[in-house]
Amino acid sequence: MAEKEKNQIENATLKKIISHAKEYGFVFPSSEIYDGLQAVYDYGQYGVELKNNLKSLWWKTMTHFYENIVGIDAAIFMHPTTWKASGHVDGFSDPMIDNKDSKKRYRVDHLIEAHIETLKDLGQKDKAQEVEDKMNALIKEDNLAGLRELIIDEKIKCQVSGTSNWTEVRQFNLMFSTKVGSVAEEAETIYLRPETAQGIFVNFLNVQKSGRMKVPFGIAQIGKAFRNEIVARQFIFRMREFEQMEMQFFVRPGTEIEWYNTWKEARKAWHLALGIPADKIKFHDHEKLAHYANAAVDIEYEFPFGFKEIEGIHSRTDFDLKNHQQYSGKKQQYFDTEINQNYIPYVVETSVGADRTFLVQLCNAYTEEVVGEGENQKERVYLKFHPALAPIKAAIFPLTKKDGLPEIAQKIYQDLKIDFNVFYEEKDAIGKRYTRQDLIGTPFCIVVDHQTLEDNTVTVRYRDTLAQERVQISELQDIIAKATSFRGILEQLK
Ligand code: ATP
């Protein structure tokens with residue numbers, strides 16, 4: 001299939017997923033009645049459940065599952081010097097270029113990458129590779145003028161104006177700032193954190209001392225981060241307000257590469273344990289290492305728009321703690337009793353986006369299939385979530401509204417809701433009720449019918465296979481608990 005045709009189909013898939021997410025209560029554009037706010041999204045009634053399940057699973061895996069990792073919840077606002085020490089005030093920027101005619105601003109790497117894709121579409125694979133190599137080399141040496149020259153030489157045009165009338169390439173800082181203090185003159189500029197990691201570093205000694213932690217140990221955190229992304233693309237993949245799930249692992253200097261390799265494999269295994277097929281996940285080593293890293297890799301997932309980063313594993317050396325020590329004047333050292341030495345620990349970071357993980361699950365779960373035979377053939381759309389992640393675990397339906405069936409179904413619902421997020425409904429034909437649950441990914445539908453009155457059994461209908469099975473009411477709790485527990489996932493990670 002031609003590359004272009006493939007891209008069109010894949011983008012059509014993304015479009016379907018985006019409209020499904022909106023229509024069935026997963027993700028809405030922010031403040032939509034005012035036409036939305038670019039690159040900001042709200043999670044709906046089912047979206048928040050899926051996201052919370054993902055966050056709980058990550059938390060469980062990255063804290064309780066390890067005896068030497070604990071979690072914290074640091075504030076979004078931090079002392080402004082934090083961001084000087086971390087390098088964000090001076091260095092957290094992307095090279096940007098503006099088209100003088102349309103006034104549209106582009107991230108330089110995105111602009112050149114789009115051109116590379118066009119070359120590939122035109123069958124000019126060698127030329128595409130040559131441009132890509134040139135771009136990577138220029139980015140590596142921070143050669144802004146060279147990047148501009150490449151854009152001009154390649155005659156890259158603005159999509160809006162169609163011209164090549166470009167400004168210089170400039171660095172654009174991605175941090176949002178605001179003011180604290182009630183009197184304007186006293187107000188101080190502070191930043192909305194662009195990553196959660198620094199909240200962990202500044203608490204390193206607090207946690208180490210209060211928890212009597214011994215290196216190697218980790219501190220984990222889930223929280224919001226903010227970046228003024230200029231090119232906001234691909235739905236919730238790149239947002240200005242998003243959530244990160246990060247774990248910083250503090251190790252003895254010299255052991256960091258070993259730990260880096262351990263975490264690299266452990267994190268990949270986590271995504272696979274959630275049901276992502278192995279051929280859809282791959283590692284991508286960084287072309288250009290960040291100033292603080294001595295090894296870095298991305299875990300990428302094959303979205304409908306191609307393989308893209310979902311998680312970064314970075315060996316951050318002692319860069320952060322050393323700088324905080326320097327800027328704060330407070331020692332950030334650890335005394336290692338095993339070797340009788342004081343040192344600033346090295347850090348291996350695992351950083352995954354909650355929203356990107358959500359999008360991975362949504363893309364992976366979205367299934368279209370044809371069911372039935374002959375005239376009864378029809379298309380079925382459903383979300384094949386792992387039961388542990390599904391927003392609703394089971395829906396309970398009385399077959400009809402009569403003969404005492406709703407009373408029994410209500411009783412089952414009232415009992416199951418203590419342990420699970422379950423749903424009750426008696427409106428409409430049973431087929432319609434099944435379809436509604438398929439569309440939001442509910443793994444079990446439980447139907448109370450006339451046989452229930454005789455033998456206390458109900459029908460369990462399974463989302464993926466459409467198989468139906470009669471079970472005792474007393475067995476329901478066990479069936480749902482087994483399928484929706486994190487145990488099956490965590491056992492694969494032991
Ligand atoms: P990218 O290259 O895609 O901008 P990054 O390398 O800057 O990402 P990191 O700083 O390593 O990302 O952040 C760790 C994780 O946080 C990413 O792997 C991603 O899952 C998530 N993340 C980063 N930026 C965003 C964003 N704008 N919207 C949603 N998630 C994000």
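Start with the cysteines: searching the whole structure turns up zero disulfides, a disulfide being a pair of cysteine sulfur atoms within 2.5 Å. Select cysteine 158, which is buried at a relative accessible area of 2%, then cysteine 445, also counted as buried at 1%. (Buried means under 20% relative accessible area, exposed over 50% and partly exposed in between, with a 1.4 Å probe and protein chains only.)

A word on the ground rules: this is a predicted model, where local features need pLDDT of at least 70, side-chain atom pairs count only at pLDDT 80 or more, and totals for chains, interfaces and linings use all residues. Residues are numbered from 1 along each chain as its sequence is written, and side-chain values use heavy atoms, leaving out hydrogens and water.

Now show the aromatics. The whole structure holds 22 aromatic pairs; rings of Phe, Tyr and Trp (its six-membered ring) pair if their centres lie within 6.5 Å, and planes under 30 degrees apart are stacked, over 60 edge-to-face and the rest tilted. Zoom to tyrosine 106 and tryptophan 166: their ring centres are 5.6 Å apart and their planes at 80 degrees, so this pair is edge-to-face. Tyrosine 106 is in strand β5 (residues 105-107) and tryptophan 166 in the loop between α7 (144-153) and β6 (170-173), so the pair ties together parts 60 residues apart in sequence. (Helices, H or I with at least four residues, and strands, E with at least two, are DSSP runs numbered from the N terminus.) Both of these residues are buried.

Next, pick phenylalanine 397 and tyrosine 434. With centres 6.2 Å apart and planes at 50 degrees, the pair is tilted. Phenylalanine 397 sits in strand β19 (residues 394-398) and tyrosine 434 in helix α14 (residues 430-440), so parts 37 residues apart in sequence are tied together. Phenylalanine 397 is buried at 0% relative accessible area, and tyrosine 434 counts as buried at 11%.

Last stop: serine 86, in the loop between α3 (81-85) and α4 (88-91). Buried or exposed? At 3% relative accessibility, serine 86 counts as buried.
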